[in-house]
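Trainee: Could you take me closely through the strands and the aromatic contacts of this model, and explain what each residue contributes to the picture?

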Amino acid sequence: MLEKLKRSRVKVSLYAFLVINILVWSFYLSLPDGKLHLKVLDVGQGDAVYLETPGGYRILVDGGPDSRVLKHLGSNVPFYSRKIDLLILTHPQADHLTGLVEVAKRYQIGTLWVSNSENNTKIFAEWQQVLRRKRINKIEVSAGDKITLPDKTNVLVVWPKKDLKSADLNSYSVVVLVSFGNFDALLTGDADRQVQPYTGMSSPVEVFKVPHHGSKTALNEGFVKTLSPEISIISVGERNSYGHPNQGLINFLETIASKVYRTDKNGTVEIVSDGNSWYTNSQR
Amino acid sequence: MRRSRIKSPFINRKLPILVFLLLFLSLFFWRVFSYLPIQTDGYLKVRSTLLEEPKEYGKWQYFSLDVYRVKANSEHELNYGDILLIEGEVTKSRFTDPKIRVAGTSTWRKILFNIREGLREKIFEYFSEPQASLLAGITLGSKEDLPESFKDSLIQTGTIHVVVVSGYNISVVAGFLVGLSKFIKRQYATIFALLVIVFYTLLVGAEPPAVRAAIMGSVAFAAITLGRQRLPLYSLILAALLMTVISPIVVTEVGFQLSFLATAGIILFQKQLLNFLSFLPKPFSEDLSTTLAAQSLVVPVIFYHFGSVSAISPVANATTLWTIPIATVLGFLFIAASFTLPFFAQILSWVVWSFLFIFTSLVEVFSKLPITSFEFEPKQILPISVYYGVLVLAVYYFKYVRKAKAKQSKS
């Protein structure tokens, strides 16, 4: 009996040693590093962008076409936290919304930004129901709305303009400019060329999330030239049935010397910035 | 005198077991192959209870019913626990757009389902992916949430059986608990294990494969208590045979095959493997020997059903599987705590997360190693036969020939 007790004590202490090590190291490695991390997640044919600000605030823009976004969140949100500080649904179409339904069920949402639009679909009805059940308040935003986080990260809404009337849901996409120091990234949802240029956007940006998965009608070329993005990222699924992204669009981006990344070829694309310089990491 | 000492234990005790086992295995596989083709094509009427939530993709919804896959029009309002009458043409075990009538509901199944849903939500509240769906898989038997990429990694490393088949877990959890007879009498440990089996079976929805696994597990592990060496194996085989006679179709179920083989493996090889692993610190050799013993008979059947085989699979299994019984047992504790003591549940969830994290990280690492997984054609009988043949020979060699030689040289 004593022998057995001793044996299991050894075992329990070894397990405890292992568990404590994993927890301490995971905690240590998850601490914010003072840099802005922007990840265009590989979620297939849809959009999902995850940001961790220098102070460790978490922002998620769209959730992709299925629950793949959950695994990405699992590896980005530390084990001890279930919080997304700012969630943005650009517009209520399935390839942007579906993943968010599970996200809203499983995570604590600090602030939710949406545009003034609705969709008559099953998934949108489910989304509304989850928001009610979890008592998540949505804030309808429009151009000019802004949030400044304590770590000096700015999130500025540049589209849709107030009182927009359009038959096309894509036109209602919430477009945000995320800035930290001299670094700017423009996240565009599906707001394609018919609503470009976005309100008040005339200065260059470093990172440009190409709207509408790089479709033929995604870009107003004159406007994108003024943005002169150093890199452009297309969130698109492999072998999708829409023929996204459009080859002409890629050629155009290359002629204005913008380096093009695509999630179907490069996987998840990460940009890290300290406010002055920045670099990219891609999965493939 | 010497001759008889060498031969008698073998002839009197072990040979019948081996012969019986071989006969049974051949019967087992013969049934698998002779039974399948009859059912898979033609016009059929099936009445059965729906034991999953249909998955909807646009116009169609998909689900399994009995042994069939069904592709049905999304307009049918179908829920877990509905008793369905399905009529239509079957091709390769698949119904496409059949006539469907809901003939009633199984209330107790619905209640179990709702309980399980509640528990699942608790898991998702505390855990992130892929650990959340892994825990839901091993504790509640819900398989639908696994992220596709993680599922691929599990298949590549040959560890998919941990989540897809509730039967396997029942055997392992029961074996683990019986092995826990450290502080309490063996009899009490067994009673405890039996109670856990019943609870676990109800929790995973008491689906037929789980119930069968539970019966086999209970019979075999209860027999262990009686302390007679051969009894557990014989009772296991008897239970399995009875079920096969009642419904021959069970032999085609992955769950049935895996739970039978895992239990048999534990009964047959656990002690021997423990001796063999005596160079390891005792606490680890105990867990490892249980998992390896269960694995020894199960591995080829997994490959048979899931196709791909990676050379890394034995290593992946040996290094990751020890975390599963711990995560399962602590996972149950966590679930219980999440309803009563949220703070304690939070702490416990981190501990459980650590074990799941070890499992998921190792699986991801192993699946990315450049060791090619040779794509076995699934459903091939030859590799399985070779494997079991070699296993029987190896057991024979180690147990009898080597022992006999050692004894001879001693004397």
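This is a predicted model: local features need pLDDT of at least 70, side-chain atom pairs count only at pLDDT 80 or more; totals for chains, interfaces and linings use all residues.

Mentor: What follows goes from the domains of chain A to its strands, and then to the rings and a few single residues.

The domain assignment of chain A gives domain 1, residues 1–30, and domain 2, residues 33–282, and the C-alpha centres of domain 1 of chain A and domain 2 of chain A are 42 Å apart.

Let us begin with the open sheet of chain A, which has eight strands in the order 6-5-4-3-2-1-14-15 and mixed pairing. Its edges are formed by strand 6 (138–140) and strand 15 (278–282) of chain A, each of which has a single partner strand, so one side of each is left without a neighbour in the sheet. Averaged over this sheet, and with direction ignored, neighbouring strands are turned by 20 degrees against each other. Within the sheet, strand 1 (residues 36–40) of chain A and strand 14 (residues 269–273) of chain A run antiparallel and are joined by five bridges, and here Lys39(A) stands opposite Glu270(A) of strand 14 of chain A.

Strand 10 of chain A deserves a separate look. This strand, residues 183–187, is mostly covered, since five of its five residues are buried. In a regular strand the side chains alternate between the two faces of the sheet. In strand 10 of chain A, Phe183(A), Ala185(A) and Leu187(A) point one way while Asp184(A) and Leu186(A) point the other way, and all are buried. Strand 10 of chain A is joined to strand 9 (residues 175–180) of chain A by five bridges, and these two strands run antiparallel; the bridge partner of Val176(A) in strand 10 of chain A is Leu187(A). The hairpin of strand 9 of chain A and strand 10 of chain A has two residues between the strands, and in this hairpin Gly181(A) takes a positive phi near 60 degrees. Strand 10 of chain A also pairs with strand 11 (residues 207–209) of chain A, in the parallel sense and over three bridges, and in strand 11 of chain A the bridge partner of Leu186(A) is Phe208(A).

Turning to the rings, the structure holds 15 aromatic pairs over all chains. One of them is formed by Phe79(A) and Trp350(B), whose ring centres are 5.9 Å apart and whose planes stand at 85 degrees, so the pair is edge-to-face. This pair crosses between chains, running from Phe79(A), in the loop between helix 2 (68–76) and strand 4 (83–88) of chain A, to Trp350(B), in helix 14 (residues 342–368) of chain B. Phe79(A) counts as buried, at 11% relative accessibility, whereas Trp350(B), with a relative accessible area of 24%, is partly exposed. Another pair is that of Trp322(B) and Phe355(B), with ring centres 6.3 Å apart and planes at 85 degrees, so that pair is edge-to-face. It links distant parts of the chain, since Trp322(B) is in the loop between helix 12 (313–320) and helix 13 (323–340) of chain B and Phe355(B) is in helix 14 of chain B, 33 residues apart; Trp322(B) and Phe355(B) are both buried. Ring pairs also link Phe27(A), Phe79(A), Tyr80(A), Trp350(B), Trp353(B) and Phe357(B) into a cluster.

Lysines are found over ring faces as well: Lys259(A) lies over the face of Tyr261(A), at 4.9 Å from the ring centre, and Lys122(B) lies over the face of Phe339(B), at 5.2 Å from the ring centre.

Finally, Arg94(B) is found in strand 6 (residues 94–96) of chain B and counts as partly exposed, at 48% relative accessibility. Leaving aside neighbours within four places in sequence, Arg94(B) is in contact with Arg69(B) and Glu89(B).

Methods: Residues are numbered from 1 along each chain as its sequence is written. Chains are lettered from A and ligands numbered from 1 in the order in which they are written. Side-chain values use heavy atoms; hydrogens and water are left out. Domain bounds come from an automatic or database domain assignment. Buried means under 20% relative accessible area, exposed over 50%, partly exposed in between (1.4 Å probe, protein chains only). Helices (H or I, at least four residues) and strands (E, at least two) are DSSP runs, numbered from the N terminus. Two strands pair if DSSP finds at least two bridges between them. Rings of Phe, Tyr and Trp (its six-membered ring) pair if their centres lie within 6.5 Å; planes under 30 degrees apart count as stacked, over 60 as edge-to-face and the rest as tilted. A charge sits over a ring if NZ of Lys or CZ of Arg is within 6 Å of the ring centre and within 35 degrees of the ring normal. Axes are lines fitted to C-alpha atoms, for helices over the stretch in contact, and angles run from 0 to 180 degrees between N-to-C directions. Contact means heavy atoms within 4.5 Å.
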